[in-house]
Each structure stands twice: as C-alpha cells, then as structure tokens.
Amino acid sequence: MNTATDVLVVGAGIVGLAHAVEALDRGLTVTVVDRDRRAVGASIRNFGHACVTGQSGDLAELAQLARERWLDLDGRAGLAVRATGGLAVARHATELAVLDELAAARPAEVALRTVDEVRAALPGGGANDIVGGAALLADLRVDPRVTVARLAAWVDAQAGAQVRFGTSYLGFDGARAHTSRGHIAAERVIVCVGHDLDHLYPGLAEEHQVQRCALQMARAADPGAVVAPAVLTATSLLRYPAFAETAAAAALRTRMEADRPDLLGIDANVMFTQRPDGTLLIGDSHHTDVAVEPFLDEAVTEILRTEAARVLGVGGLRIIERWQGVYASSPVRPYLVAEPEERLSVRIVTSGVGMTIAHGLARRHFPT
C-alpha cells in the first residue's frame, strides 16, 4: 500500500467512491480504505435507483449534479447506468392528484401517463384499480450488486489511485492516517462510513443525531417480463420530498391512514426495480434506532411481497432472497458535512438517498 497520498478516503461505498472520483478529477492522488474485503454495506443493499425526480430544493440540486456524474462515469467506467426513468403508479384519485400537481410544477421532469400506458409497463397489466401514473424522466437505475465493485475497480486502476479493502482506519494525527496495515501520510482525510460514524467519532454522531435505519428488503424471481423503469407507489409519494411537499399529499396521507394502516405501520416504501437477470428488488420497511436488531419479520416481508404483486398485476411473486439493509439516518439533516479536525472531513448521507446524491455531494462539498 502506498505510504503517502493527497487524499485518504475512508469507506468504499458509493459516498466514499464518489469523493475518490472527485479527487482524481481534481488531479489529486487518492487512497481508499475499507475494513471489509469487498462492498457489503448500504451501497449494495438498495434498489439501485437514483430517484432524481423525487427530490426537492437542495437535494434536487445535488441529485442533478449526481445524475451528470453518473452518466459521465458510465462512459468512462462502463457502469451500465440505465436512463430508463421511474414510473409512479396511481391507484386512487388522491395519488393521481399528487402526480398532477407535481407534473404541473415540473413538466420537464414529470410526464403524466394514461391508465393504458401504465398497464403496458407492468407484467400482468398491473393492478385492476390503476387510475393513471407519471413517468419520472430524470431517474436513473444501476445494478447495486455490481456497480459499486465495478466503480471501485475503475478507481483502483487509475494512475495515482488505489483502493485497499480489508484495511481498517484507526485514526488521524493531523499528518498521518493510522490503519490496520500501517501509516499513510495524507494531506486530507475524508471519512465516509455512513451509519458507522459512531464507531469512529461518537461525539459527532450524537451531536448530529445520526442513527441507523434498518430496512427489510427481498429479491423476487423473474416475473417473466421486462420492467424497464423503477416502479414507485403511493407510499413512495409520502416519502420522497418532491411528492410529499405537494398540497395534495395531505389528503393522500389521510386516505392511507384509513385504508392502509398496515403499510404505514411498517413505514413502507413499496417500490421495485429489476436487475439485469430479471429478478426484482422489492421493499422496503423502515425502523430507526441507535442500534438495530438483525432479525427479519416474515409478516413484513409478506406485506411487501403481496403489495408488489398487486401493483404488477401478477398472481404472486416468489421470494428467493431476504436481507436487512441499514443506512445512516438523522432527523435534523439529509446529509452531514463536517470538519471535526484540521484536515479531517466527514461526509455521509443521513437519509435513504445515497445512490441519488452521493456524486453531487462530492462535487459540491469536496473539502479544500
């Protein structure tokens, strides 16, 4: 391992790799270290969906910056980024009202779709109560199972860069970073360890109320048809800010509280994306705490599986994998930019939009 670098990045998830790319594009040498032998964290446990259209305000600006970088890296690193967009499926007038309002406000990004157009995009013709939908034109998709590893390999192959897995970061003394494989002289250390911030800097994690959000997710067998866009539903319209901030969202929430307390009770985001092998990534539920139990509730998986099958219009979905996703969460901010010590920076996404904004965060907030 190199013993000196301009920038040491701690964490080889999407946020850390985004900062490594930014360092390289600025002409700096960079070393990335990660305690695991390969990427196994939040960056591979998600939908692989950059929900650009679902963001608002500052997050929308970061998402657009990130979208540009994703497409740029697709050409440079062959990441198989898919500009297939998203599809929000409306099954009630309250859902359609949210989409109508957002489409009127952002016509370049949101295009309303007829019932027939929505049904044509879904295996089985979709649920029998579909009333319309909207195409989310700016959204991107990547395969989370391979994209992070592919990007890490590309960074490692660049002149002036190296990625070293199986290497734990132990601290920074202002001149040298200490790792389980020796010392590295670094002009700047950028810590991108997500929900594990409290393992390294517990005071900073407590100050910014960084906790862990645990998700239940599953992978279903190929439904027998191509599902090109990432598919979102009513619960998604209550989670992503661009939808949730519409005036129409209040009526949607009231109706969901009356009709679907089972979904709101597990804080569900019923959505799914299709991997290149045809299988569907479906989910997810949400539970936040400073530490989370590893145990999965089969009843939660069944709620998500059943609802996804209804949206698709298929008789059922066969689950072939289940897992727990975990990401950093804070009730006070969607991402954390901090400089706890001289030449030491912390950059983590404290919400479920890491794939969506990581590259934008690196581009805008790369430490100087």
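What covers the buried residues of α10? The cover includes α3 (93-105), α8 (234-239), α9 (241-244) and α11 (261-265). Here, buried means under 20% relative accessible area and exposed over 50%, with partly exposed in between (1.4 Å probe, protein chains only), while helices are DSSP runs (H or I, at least four residues) numbered from the N terminus. The model is a predicted one, in which local features need pLDDT of at least 70 and side-chain atom pairs count only at pLDDT 80 or more, whereas totals for chains, interfaces and linings use all residues. Residues are numbered from 1 along each chain as its sequence is written, and side-chain values use heavy atoms, with hydrogens and water left out.

In α10 itself (residues 249-259), the buried set is Ala249, Leu252, Arg255 and Met256. Looking down the helix axis, these fall within an arc of 125 degrees (taken from the directions from the axis to the C-beta atoms), so they line one face of α10. Turned away from that buried side are the exposed Ala250, Thr254 and Ala258.

Elsewhere, α5 (residues 147-157) pairs up with α1 (residues 14-25), their axes coming within 10 Å and crossing at roughly 30 degrees. Axes are lines fitted to C-alpha atoms, for helices over the stretch in contact (heavy atoms within 4.5 Å), and angles run from 0 to 180 degrees between N-to-C directions. That crossing makes α1 roughly parallel to α5, a label for angles under 35 degrees. Ile14, Leu17, Ala20, Val21 and Leu24 of α1 touch Val148, Leu151, Ala152, Trp154 and Val155 of α5.

Terms used. Helices (H or I, at least four residues) and strands (E, at least two) are DSSP runs, numbered from the N terminus. Angles under 35 degrees count as roughly parallel, over 145 as roughly antiparallel, 65 to 115 as roughly perpendicular and the rest as oblique.
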